[in-house]
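I open a new notebook page here.

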2 protein chains.
Amino acid sequence: MDIKQTYSISELAKEFDVTTRSIRFYEDQELLRPTRRGQTRIFSSKDRVRLKLILRGKRMGFSLAETKELFDLWDETLSGNEKQLLKMLTILENKRAQLEQQKNDIAQAEMEMDTAEARCREALAELQKKKKQQAPANDEARQTAEHK
Amino acid sequence: MDIKQTYSISELAKEFDVTTRSIRFYEDQELLRPTRRGQTRIFSSKDRVRLKLILRGKRMGFSLAETKELFDLWDETLSGNEKQLLKMLTILENKRAQLEQQKNDIAQAEMEMDTAEARCREALAELQKKKKQQAPANDEARQTAEHK
DNA sequence: AAACTACTTTACGTTTACGTAAACTTTATC
DNA sequence: GATAAAGTTTACGTAAACGTAAAGTAGTTT
């Protein structure tokens, strides 16, 4: 077997760089459902996947409530009737639209960063030019000073 | 002139589908800097651009504080010395890395949605098959009913 | 002039996503 | 068997991003 079957709370915390507090909070909000040995939580690899999804959701701007909704819906869907399945399909459509929006946003942001960077470099070039005019003999000294 | 030079708070609120409360809050947090005629706020087209950026930032999971930081930094940069310019360049690098991460996240999400959708469709096909076995003569009626 | 509409400030309330502290139990280690 | 290390519950605190109510002003329509 390549992957472990169970995980402790601190293992997961370390792997995904979150606090144990966060993980317990996610359980409290019913996004994770670890079993117990005594009091101690035992996380399955399914929980591990879910944690990964939670964090990705966060990076994509999803709230925990939204993520939970998706989890619940998917659970229902698996054991689901036709209505559930169709509902899931329309929800998937909506999410796809959201992703498209995000891709557009990112593309826009990238373009603006391109022009921002260009302006920065122009301004830097301007400064360099002025410096050279002021002290044209001091070229080497300046360049090494910049690299410290 | 194609674009208006100034905007009222409700104009912007309507255009971008946010509440006036939000806009005032953004001003309070110093992300927008409308001028005044008496008490009434007058927003410039620069403010309008900023509002657009704020909202895009939100969709991309940025906090208002992060966005404000970028605004401030950019303002400093424009009138900036060399140090500011270099700082901005490294920050741009970081943001690019963030965007890469987001693109990866989106690509992953899209793949998972593909498999999720496929499973849904399989499950649906299964259900259809069972239905046919139960009532094989009722085919036409079912298909039209589905399209309502 | 009265009423309506859009705008304003002040200020308290709410939700989300945890942080942090306190006090306790269980498990591993020397 | 003491002690540290990791885990637990309970509970109060907090920052962010507004919502919402109250009460007032400024212009404009009837």
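I count Ala, Val, Leu, Ile, Met, Phe, Trp, Tyr, Cys and Pro as nonpolar, Asp, Glu, Lys and Arg as charged, and the others, Gly among them, as polar. This is a predicted model: local features need pLDDT of at least 70, side-chain atom pairs count only at pLDDT 80 or more, and totals for chains, interfaces and linings use all residues. Residues are numbered from 1 along each chain as its sequence is written, while chains are lettered from A and ligands numbered from 1 in the order in which they are written.

**DNA strand D.** I call a residue near a strand if its C-beta atom, placed from the backbone, lies within 6 Å of it. By class, I get four nonpolar, 10 polar and three charged residues. H2(B) gives the largest share, three residues.

**DNA strand C.** Here I find 18 residues. The closest are Ser22(A), Ser63(A), Leu64(A), Ser10(B) and Arg41(B). The largest share, three residues, comes from H2(A). The classes are four nonpolar, 10 polar and four charged.

**Chain A with chain B.** I take two residues as in contact if their C-beta atoms, placed from the backbone, lie within 7 Å. Chain A gives 28 residues to the contact and chain B gives 28 residues. On the chain B side, H5(B) gives the most, with 23 residues. That side has 14 nonpolar, five polar and nine charged residues.

Key:
Helix = DSSP H or I, 4+ residues; strand = E, 2+ residues; numbered from the N terminus.
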